[in-house]
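Please look over the sequence and the structure below.

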Amino acid sequence: FMQNKFILFLFVGILSSCSSLSSLNFWSDDSEEDITTPAELVAFQETVSVNVAWKKSFKASNDLGSFKPAFYAGQMLVADSDGDIISLDPKTGTVNWTKTLERNLAAGVASGFGKFIVSDTEGNVLGFDLDSQEILWETNIGGEVLANAVVDASLVVVKNSVGELTALDSSTGEQAWTFRSQLPALTVRGTGEPVIKDGMVFSTFDNGRLGAFQLNTGFFLWDGPISFVEGSSELENLLDADSSPVFANQLVFATNYQGNLTAFDMAQKRPVWNSKASSFHSPVIGQGMIMVIQDDGSILSFSSSNLAPSWISEEYKIRDLSNGVIFENYMLVGDLEGYLHVINPMTGKTVGRKKVSGNPIKSIVTFGGLAYTLDQDSNLVAISL
């Protein structure tokens with residue numbers, strides 16, 4: 001088991017991102033379409049201008065895109081793999097303070113309720129006071145944390161690389177509860193952060209399932225498959241769900257690799273709809289649409305009112321797309337050459353584009369009137385439209 005897992009981690013480690021799995025082509029011949037070369041960018045009619053508000057460079061590894069910034073009390077908090085934690089003014093990029101830890105961090109900052117949380121590569125979760133930047137507690141949760149924690153008033157919820165979802169007391173760091181999922185023989189290195197909603201914790205797992213838990217107690221409420229195993233080999237049955245679930249009305253949507261986009265009814269506590277999809281990113285919901293950025297760079301869309309299929313875009317195939325976000329009524333997505341693309345969610349057409357980095361863009365977040373891209377080397381760019 002461990003040997004299989006190590007081999008796959010080593011195999012994935014030579015790739016630039018998880019989505020690069022889609023570019024592997026063991027069985028092609030010269031007569032088949034080349035599925036390894038990124039699609040060339042095509043001309044479009046620009047109706048939206050992309051403007052750079054400010055830039056900051058941190059120059060640390062962000063290969064998995066796990067170093068997402070957090071926003072709290074008028075501050076933007078950014079961490080990098082070298083152990084630096086920086087507080088910025090999100091409007092101007094002006095540095096408020098910097099704290100350097102003598103350790104390598106594994107994921108970005110989570111913040112809330114007067115605290116901020118980071119995790120290191122040894123599985124230690126650290127809680128700090130936001131005002132003084134003094135450490136409050138440190139707890140080891142038995143596995144590397146590859147996604148931001150989630151902070152509630154009384155609990156901090158984290159998920160580690162060995163399939164455990166753990167809640168820690170936000171004041172002391174003591175373990176309140178834990179749940180361990182069944183880890184498959186093969187997994188992709190990466191994980192989606194849990195989501196807290198209506199007193200519940202929702203989390204996807206490497207076995208391709210979505211689970212719901214009572215926040216205060218960790219009581220298991222329900223779970224369901226995002227997709228089922230259909231292949232005959234371990235590689236074909238790799239169904240990692242490495243993204244966070246998202247919500248629309250009474251439905252919660254989740255995606256997984258080589259699986260589905262699946263809608264779960266929270267009242268019925270079960271899946272009620274699905275469509276074939278393969279993605280490492282959370283679905284994007286906005287402008288009456290649900291969009292899935294697939295691992296091969298194609299984008300699927302569905303009506304959020306009746307879940308009917310809408311447009312499909314293959315304009316960015318094999319361009320290692322980042323996550324997508326809705327910003328100013330448009331969808332933003334980054335690619336392997338540092339381009340930021342602006343897409344009309346209603347039509348799937350590109351309406352704006354700008355090269356904002358010389359490195360692959362790994363994640364995009366929004367706050368207030370700006371969007372922020374973070375690339376493979378932890379360069380941060382603030383964007384307005």
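How many residues lie between β7 and β8 in their hairpin, and which residue in the turn has a positive phi? There are four residues between these two strands, and G123 in the turn has a positive phi of about 90 degrees.

This is a predicted model, in which local features need pLDDT of at least 70 and side-chain atom pairs count only at pLDDT 80 or more, while totals for chains, interfaces and linings use all residues. Residues are numbered from 1 along each chain as its sequence is written, and side-chain values use heavy atoms, with hydrogens and water left out.

Strands (E, at least two residues) and helices (H or I, at least four) are DSSP runs, numbered from the N terminus. Two strands pair if DSSP finds at least two bridges between them. Buried means under 20% relative accessible area, exposed means over 50%, and partly exposed lies in between (1.4 Å probe, protein chains only).

- Strand β7 covers residues 115-119, and five of its five residues are buried.
- Both faces of β7 are covered: K115, I117 and S119 are buried on one side, and F116 and V118 on the other.
- Strand β6 (residues 110-112) runs antiparallel to β7 and is joined to it by three bridges; S111 has F116 as its bridge partner in β7.
- The hairpin of β6 and β7 has two residues between the strands, and F113 takes a positive phi near 55 degrees there.
- Strand β8 (residues 124-129) pairs with β7 in the antiparallel sense over five bridges, and L126 in β8 is the bridge partner of V118.

**The sheet β22 to β25**

- Four strands form an open sheet in the order β22-β23-β24-β25, with antiparallel pairing.
- β22 (284-286) and β25 (309-313) are the edge strands; each has a single partner strand, so one side of each is left without a neighbour in the sheet.
- Strand β24 (residues 299-303) pairs with β25 in the antiparallel sense over three bridges, and F302 stands opposite P309 in β25.

**Positive phi in two loops**

- Most residues other than glycine have a negative phi.
- N249, in the loop between β18 (246-248) and β19 (251-255), has a positive phi near 60 degrees.
- N249 is exposed, with a relative accessible area of 71%.
- S378 has a positive phi of about 65 degrees although it is not a glycine; S378 is found in the loop between β31 (370-375) and β32 (379-384).
- S378 is buried, with a relative accessible area of 2%.
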